[in-house]
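Trainee: Please give me a close look at a single part of this structure. I would like to hear how the part is put together and what packs around it.

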Amino acid sequence: MSLIKTHEEIEKLKRGGVLLSATLRKVMAACRPGVSTKELDEIAQREFARVGGTPSFLGYKISADDPPFPSAVCISMNDEVVHGPATPERTIRDGDIVGLDIGMWHEGLATDMATTVIVGDVRPEVRRLVEDTRESLVRGIAAIKAGGWVGDIGAAVEDYLKPKGYGIVKDLVGHGVGHAVHEEPQIPNYRDPRGPRVRLEEGMVLAIEPMVALGTWKVKMKPDGWTIVTADGSPAAHFEVTIAVTKDGYDLITPWPDV
Ligand code: MG
């Protein structure tokens with residue numbers, strides 16, 4: 001399986017990415033106090049069915065012995081960083097920040113994206129965390145061009161966030177995507193001197209996804225076996241887009257879902 005996608009594959013990925021972004025926008029619009037995470041997931045699943053897509057996270061297993069992931073959208077609130085399952089019991093409340101991470105198979109190829117929604121009133125520092133995490137993703141993708149290094153992305157993210165004192169999650173990273181939900185290379189959101197030096201090449205398709213906490217960068221697993229939370233209980237934000245590396249920069253595969 002090549003890390004490089006053909007022109008035809010990138011065109012297919014773009015068609016899927018537009019549909020994925022439109023789906024995420026619908027879920028975002030429904031993300032209001034009183035709505036259960038299950039209801040949000042149903043919106044995504046209905047939309048996928050309508051556009052001929054298949055959820056890529058539903059049923060996903062990290063290894064063969066793991067239980068399958070139970071929903072199409074990962075919904076991770078407040079101190080939850082990523083991988084929160086949608087359930088009828090978990091309901092959105094005023095003051096929550098809600099990470100929505102969504103992935104889809106379409107025309108045989110996978111795309112992946114995420115956003116964090118601010119619901120009602122949140123503390124100013126939490127609002128800043130969300131805004132700064134989004135901006136760090138903008139900085140990260142701006143560092144992309146063929147001939148550069150995968151490490152340029154994490155360096156740009158870190159340079160933006162570190163002076164502000166945030167914790168950049170280290171245990172989870174961005175990744176290649178397209179033929180599989182998770183492909184090489186791994187894309188840390190920080191400088192990783194021990195990591196492999198991987199060149200950015202035209203036609204690579206990458207999911208870039210800074211995960212950022214107001215407190216520590218350290219995370220732990222919730223007893224549900226899926227949800228990753230910050231170790232100190234501080235709020236965390238997450239944004240993600242899929243891009244294709246081009247000669248001069250990148251092509252956005254999943255348009256920003258901002259309304
Ligand atoms: Mg991802």
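Mentor: Two strands pair if DSSP finds at least two bridges between them. Strands (E, at least two residues) and helices (H or I, at least four) are DSSP runs, numbered from the N terminus. The model is predicted, so local features need pLDDT of at least 70 and side-chain atom pairs pLDDT 80 or more, while totals for chains, interfaces and linings use all residues. Residues are numbered from 1 along each chain as its sequence is written, and side-chain values use heavy atoms, without hydrogens or water.

The part I would pick is an open sheet of five strands, in the order S8-S7-S9-S14-S15, with antiparallel pairing. Strand S8 (183-187) and strand S15 (250-252) are at the edges; each has a single partner strand, so one side of each has no neighbour in the sheet. From one strand to the next, the twist averages 30°.

Now go through the pairings. Strand S7 (residues 174-176) and S9 are antiparallel and share two bridges; Gly176 has Leu206 in S9 as its bridge partner. On to the next pairing: S9 and S14 are joined by four bridges, again antiparallel, and there Ile208 is bridged to Val241 of S14. S14 and S15 are antiparallel over three bridges, with Val245 opposite Tyr250 of S15. Four residues lie between S14 and S15, and the two strands form a hairpin.

Next comes the helix. H4 lies across S8 and S9 and runs at about 35° to S8; such angles, from 0 to 180 degrees, are between the N-to-C directions of lines fitted to C-alpha atoms, for helices over the stretch in contact. Nine of the twelve residues of H4 are buried, so the helix is largely enclosed by the rest of the structure. Among the buried ones are Val150, Ile153, Ala156, Val157 and Leu161. The buried residues of H4 pack against H3, strand S6 (167-168), S8, S9 and strand S10 (211-213).

Nonpolar side chains tend to be buried together in soluble globular proteins.

Leu206 ties several of these pieces together. With neighbours within four places in sequence set aside, its contacts (heavy atoms within 4.5 Å) include Ile153, Gly176, Ile187, Leu200, Val241, Ile243 and Val245.

Notes:
Buried means under 20% relative accessible area, exposed over 50%, partly exposed in between (1.4 Å probe, protein chains only).
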